[in-house]
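This report describes the fold and selected residues of one protein chain. Please keep the sequence and the 3D view at hand while reading.

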Amino acid sequence: MSEPGTIAFAGKKHQRGEWNTRISPGLNPFVRSLWCFISFKREGVDRIAQSARIDSRILDCGSGNCAYAHWVLGRKNCTVVAVDWSIVALRSCRKPARGRLLRVCADMNILPFKQQTFQLLYSIDALGHLDSPIDALDQIRRVAKPGALLFIHSECSDYRKRWPDRQLIRIHGEDIPAGLDG
């Protein structure tokens, strides 16, 4: 479980707008398809959205400001349950144009849902921020129905130490991918 100091630190980053994943509404279909090709995250979330039905409940673990939930709801009229421990991030979620977005403030290591609740689940770049990603994965497995579709994209917490990331950060003086993606 995260330490209270860690939560306060991350909450301050959300307040300053440093962890906001960009939302790109209104892109023409060609640009959107090019963006999906470039981004494995968006491709994975698209696969989740393609599998959704109107009665689907999709779990977004570590949702932040709900950018990926809006990505899903822009493709399917369904329900996305967005879980994040930052109340600041969840409050910054805007109302979707269609579908339902349910915001739940909770720790991924202790998900407040019954066993086998969700058929579709995803987590984008959240596990690297946890002290115990194994516990979070156990919780995700617990709330997933048998045969559920799951997409996880996670950066390693030590990626800044490895080449070529280390070299890019040294050359540019900043972590450009983290700045672009939140």
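The sections below treat the sheet, the helices, the nonpolar cores, the cysteines and one arginine.

## The central sheet

The model described here is predicted. It contains an open sheet of five strands, arranged in the order β3-β2-β1-β4-β5 with parallel pairing. In general, the strands of a sheet pair through backbone hydrogen bonds, either parallel or antiparallel. The edges of this sheet are formed by β3 and β5 (144–153), each of which pairs on one side only. On average, neighbouring strands are turned by 20 degrees against each other, direction ignored.

The pairing of β1 with β2 may be examined in detail. These two strands run in the parallel sense and are joined over five bridges. Within β2, the residue that stands opposite D60 is A82.

## Helices across the sheet

Helix α3 lies across β1, β4 and β5, and its direction makes an angle of about 155 degrees with β5. Helix α6, which comprises residues 133–143, also lies across β1, β4 and β5. The angle between α6 and β5 is about 140 degrees.

## The nonpolar cores

In soluble globular proteins, nonpolar side chains tend to be buried together. In this model, the largest nonpolar core has 21 residues. Those with the most contacts inside this core are V45, I58, V72, V80, L101 and Y122. Two or more residues are contributed by each of α3 (40–51), α4 (67–73), β2 (79–84) and β4 (118–124). The greatest contribution is that of α4, with five residues.

Which residues does V45 contact, leaving aside its neighbours within four places in sequence? They are Y68, W71, V72, Y122, I124 and F151.

## Cysteines and the disulfide

How many disulfides does the model contain? The count is one disulfide. It is formed by C66 and C93, whose sulfur atoms are 2.1 Å apart.

Are C61 and C105 buried or partly exposed? C61 has a relative accessible area of 1% and is therefore buried, under the limit of 20%. C105, by contrast, has a relative accessible area of 46% and is partly exposed, a class that lies between 20% and 50%.

## The surroundings of R103

R103 is a residue of strand β3. Its relative accessibility is 45%, so R103 counts as partly exposed. When neighbours within four places in sequence are left aside, R103 is in contact with A82, L90, R91 and C93. One of these residues, C93, is also a partner in the disulfide with C66, and another, A82, stands opposite D60.

Where does the side chain of R103 reach a backbone oxygen? It reaches the backbone oxygen of L90, at 2.8 Å. R103 may also be compared in position with N65: the two residues are 38 residues apart along the chain, and their C-alpha atoms are separated by 9.9 Å.

Methods:
Residues numbered from 1 in each chain as written. Predicted model: local features only at pLDDT ≥ 70, side-chain atom pairs only at ≥ 80, totals over all residues. Heavy atoms only, no water. Core = buried A, V, L, I, M, F, W, Y, C linked by side-chain atoms within 4.5 Å. Buried < 20%, exposed > 50% of the residue type's maximum accessible area, 1.4 Å probe, protein only. Helix = DSSP H or I, 4+ residues; strand = E, 2+ residues; numbered from the N terminus. Contact = heavy atoms within 4.5 Å. Disulfide = S-S within 2.5 Å. Polar contact = N/O pair within 3.5 Å; in protein donor to acceptor, adjacent residues only side chain to side chain. Pairing = 2+ DSSP bridges. Axes fitted to C-alpha atoms, helices over the stretch in contact; angles between N-to-C directions.
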